[in-house]
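This briefing accompanies a predicted model and should be read with the structure in view.

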Amino acid sequence: MILSGDKILSTTRLSLVAIVFCALCISLINAANAQVASSDAIAIRVLPNTHHLSAYDWYKEQNFTGSPQAIVIDGYGAVRDGRTVYVNAANIIGNTLHTNIFIISYNQDSERVTVDIFGRIIKKWNFNTNITTIGHCRGDMTRVCMIDDDCSSDDFCDSKKARIVRDVKRLSDLAVVKRKLEEYKRNNGYYPKLAQGTYLPQRSISVWPSWQNELAEELNMVIPNDPVNKMGNCTETRFTENTCWDEAKKQFDDQDTSTTKLDLPTNSLVYTYHGTPDGSYYDFCGVMESGYALSAGSCAGSGICLL
């Protein structure tokens, strides 16, 4: 069994990936009790994902012509196309969050034992193994977790790693929406104005009905929600809990009314859109929670912001 890796990242970082990966391969090979030497190969490549694309969007950008199927590996979004798996995962260097595309594949006409080992590697593949602090499910603090999948489907994990995984998802969401917004402007000459159909003109939040109605319809897409998609605590009981909107007074629980920007309640984890009456500009924002700085090129361009 051969493991190969392209020298795309620094030698130290790639060596660490290779060492951990080789240890996993050796463990699984021994477990398979392989008795005969094989020329089969399982290879891994690590490529920088400077635009923070999802695994699916990165795959499509390469002009591959397969039929990728969405999967999840260690909480991270991934796709599989036949013998190859592509994972969009974080690589933390110092205090900076980078995203890489990890590619793992085995050769054509591999023996059954190689295919079995590949499947077991995929099931056991863990990222960010240096981040070991255990968290708790926010809805059930007696339940420990490392990623959101360790909690119930309507809950989320507060561990450091879970926050990193969610920030990677946020970055890929911002990237895909930015592309749709720029496409919309090329076709229409302006960005979505949201003049009506939302609580506040030119604004929407991912917990408001207008998010999947007016804004999604304008962009002709199922617009992503934040991975947590919950408002922080509204300041008064008159505001509806999940939207912080007062229908009677037609008022949002804005923490700072002196600016046109929506100032969200503390601990909100949502996306926001703010357009202009003439459609000349927009802000599409996400709240990052891991605390890491972002690598160069993150959310570059007008309109994309991180809160």
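The chain exposes about 15,700 Å², of which carbon and sulfur atoms supply 49%. Buried residues make up 46% of its 307 residues, and the secondary structure comes to five helices and 14 strands. Among the contacts with a separation of 6 or more, 54% are between residues 24 or more positions apart.

**Nonpolar cores**

- The largest nonpolar core has 44 residues, and the members that touch the most others are Tyr76, Val87, Trp125, Ile223, Tyr273 and Phe284.
- Helix α4 (residues 160-188) gives this core its largest share, which is eight residues.
- A second, separate core consists of 16 residues, including Met231, Cys234, Leu264 and Leu269.
- Leaving aside neighbours within four places in sequence, the contacts of Tyr273 include Leu181, Tyr191, Pro192, Leu194 and Gln202, and also among them are Trp211, Leu215, Tyr282, Asp283 and Phe284.

**Helix α3**

- Helix α3 (residues 112-124) has 13 residues and reaches 19 Å from its first C-alpha to its last, close to the 18 Å expected at 1.5 Å a residue.
- Thr114, Ile117, Phe118, Ile121 and Ile122 are buried in α3; seen down the helix axis, the buried residues fall within an arc of 140 degrees, so they line one face of the helix.
- The face of α3 that is turned away from this buried side carries Arg112 and Lys123, which are exposed.

**Arg179 in helix α4**

- Arg179 has its place in helix α4 and is partly exposed, with a relative accessible area of 40%.
- Not counting residues up to four places away in sequence, Arg179 touches Leu53 and Glu61.

**Positive phi in loops**

- Gln202, found in the loop between α4 and β8 (203-205), has a phi near 70 degrees, a positive value in a residue other than glycine; Gln202 is buried, with a relative accessible area of 16%, and is one of the residues in contact with Tyr273.
- Cys244, found in the loop between α5 (209-219) and β9 (245-246), has a positive phi of about 55 degrees although it is not a glycine, and at 0% relative accessibility Cys244 counts as buried.

Conventions
Residues numbered from 1 in each chain as written. Predicted model: local features only at pLDDT ≥ 70, side-chain atom pairs only at ≥ 80, totals over all residues. Heavy atoms only, no water. Helix = DSSP H or I, 4+ residues; strand = E, 2+ residues; numbered from the N terminus. Expected span 1.5 Å × (residues − 1). Buried < 20%, exposed > 50% of the residue type's maximum accessible area, 1.4 Å probe, protein only. Arc of directions from axis to C-beta. Contact = heavy atoms within 4.5 Å. Areas by Shrake-Rupley, 256 points an atom, 1.4 Å probe, with all protein chains shown as cover. Core = buried A, V, L, I, M, F, W, Y, C linked by side-chain atoms within 4.5 Å.
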